[in-house]
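Please take a look at the model shown here.

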Amino acid sequence: MRALRAGRLTYVVLALFTAGSLFPLVWTAIAASRSNTRLAQTPPPFWFGGNLGRNLQVAWTDANMGTALLNTVIVAGTVAAGTVFFSTLAGFAFAKLRFRGSRPLLALVIATMLIPPQLSVVPLYMLIAKLSWTDRLQAVILPTLVGAFGVFFMRQYLVHALPMELVEAARTDGASSLRVLWHVVFPAARPAMAVLGMLTFVMAWNDFFWPIVALTQNGSPTVQVALTGLGRGYIPDQSVIMAGALLGTLPLLLVFLVFGRQIVGGIMQGAVKG
């Protein structure tokens, strides 16, 4: 079988896509290293300045970024772990277990994806207000602890990746349902769990709509809520805002650099299994 080789056009296209993907991040760093006066001039700067350290310090102090980053790590990590765990359980049930009403229930779960999240804001806020959860992290964590997308994603993966013979063999050997989940289902679903966990972590980290309703900047803010405080004032300092955005983006880049190989490997392994 002849090996495929990439030509010059392939490298040119890849280079263009890479440059286009990196440009927003690079521009954020450039703007964060400049002054607000320089950013207002035409043409805008296209190289780094000398104010990056000062702007990062101002953004860190004014937005209380230390507390915001810690809160966001707690929220995003808990939501990602809960979504992966509960979605895998529900996905396994819909994929391999036979029970009455499984298809209507699955259709109902998928149908919830069609409901705009804005419709649930008022009743959800009334609920957390009665529970005295306003401006607390559990108000952001619990409503998003499991979602229809994760259930459907894991169900579709386990339909093809988990042979029913493995489950039946484990039950024949006397394994309980918990042991079947731990020793059969979770190992088979590990690639999809890694992908779902990464996607959920990024979505929870960047979530703005519900946290800005449930949390306040002076209470228990997440990064996105804390960044709103940097845009206040008669003349917002765009360089400080960009510095805050850079601080909020760097942890995501660090997570992908650390776990990127495992995530990409999980995607490729899932593609081969499918």
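## Aromatic pairs

Eight aromatic pairs turn up in a search of the whole structure. Rings of Phe, Tyr and Trp (its six-membered ring) pair if their centres lie within 6.5 Å; planes under 30 degrees apart count as stacked, over 60 as edge-to-face and the rest as tilted. Trp47 and Phe48 form an edge-to-face pair, because their ring centres are 5.2 Å apart and their planes stand at 75°. Trp47 counts as exposed, at 60% relative accessibility. Phe48 is partly exposed, at 37%. Here buried means under 20% relative accessible area, exposed over 50% and partly exposed in between, with a 1.4 Å probe and protein chains only.

The pair of Phe85 and Phe186 is tilted, since the ring centres are 6.2 Å apart and the planes are at 55°. Phe85 lies in helix 4 (residues 65-96) and Phe186 in helix 10 (residues 177-206), so this pair ties together parts 101 residues apart in sequence. Phe85 is partly exposed at 40% relative accessibility, whereas Phe186 is buried at 13% relative accessible area. Ring pairs also link Phe85, Phe86, Trp182 and Phe186 into a cluster.

## Basis of the model

This is a predicted model, in which local features need pLDDT of at least 70, side-chain atom pairs count only at pLDDT 80 or more, and totals for chains, interfaces and linings use all residues. Residues are numbered from 1 along each chain as its sequence is written, and side-chain values use heavy atoms, with hydrogens and water left out. Helices (H or I, at least four residues) and strands (E, at least two) are DSSP runs, numbered from the N terminus.

## Helix 9 against helix 10

The axes of helix 9 (residues 164-172) and helix 10 come within 10 Å and cross at roughly 135°. Axes are lines fitted to C-alpha atoms, for helices over the stretch in contact, and angles run from 0 to 180 degrees between N-to-C directions. Helix 9 is therefore oblique to helix 10. Angles under 35 degrees count as roughly parallel, over 145 as roughly antiparallel, 65 to 115 as roughly perpendicular and the rest as oblique.

From helix 9, Leu166, Val167, Ala170 and Arg171 make the contact; from helix 10, Ser177, Val180 and Val184 do. Contact means heavy atoms within 4.5 Å. By class, the residues are five nonpolar, one polar and one charged. Ala, Val, Leu, Ile, Met, Phe, Trp, Tyr, Cys and Pro count as nonpolar, Asp, Glu, Lys and Arg as charged, and the others, Gly among them, as polar.

## Helix 8 against helix 10

Helix 8 (residues 148-161) packs on helix 10 at about 135°, with the axes 10 Å apart. The two helices are therefore oblique to each other. Residues of helix 8 in the contact include Phe149, Phe153 and Tyr157; helix 10 brings Val185, Pro191 and Leu196, among others. This contact has 14 nonpolar residues, one polar and no charged ones.

## Two single residues

Ser239 sits in helix 13 (residues 238-273). Ser239 is buried, with a relative accessible area of 1%. Not counting residues up to four places away in sequence, Ser239 touches Ala31, Ala32, Arg34, Ser35, Asn36, Leu39 and Asn55.

Trp133 is in the loop between helix 6 (121-130) and helix 7 (138-141). Trp133 counts as partly exposed, at 24% relative accessibility. Leaving aside neighbours within four places in sequence, Trp133 contacts Ile128, Gln138, Ala139 and Leu142. The C-alpha atoms of Trp133 and Leu257 are separated by 35 Å, and the two residues are 124 residues apart along the chain.
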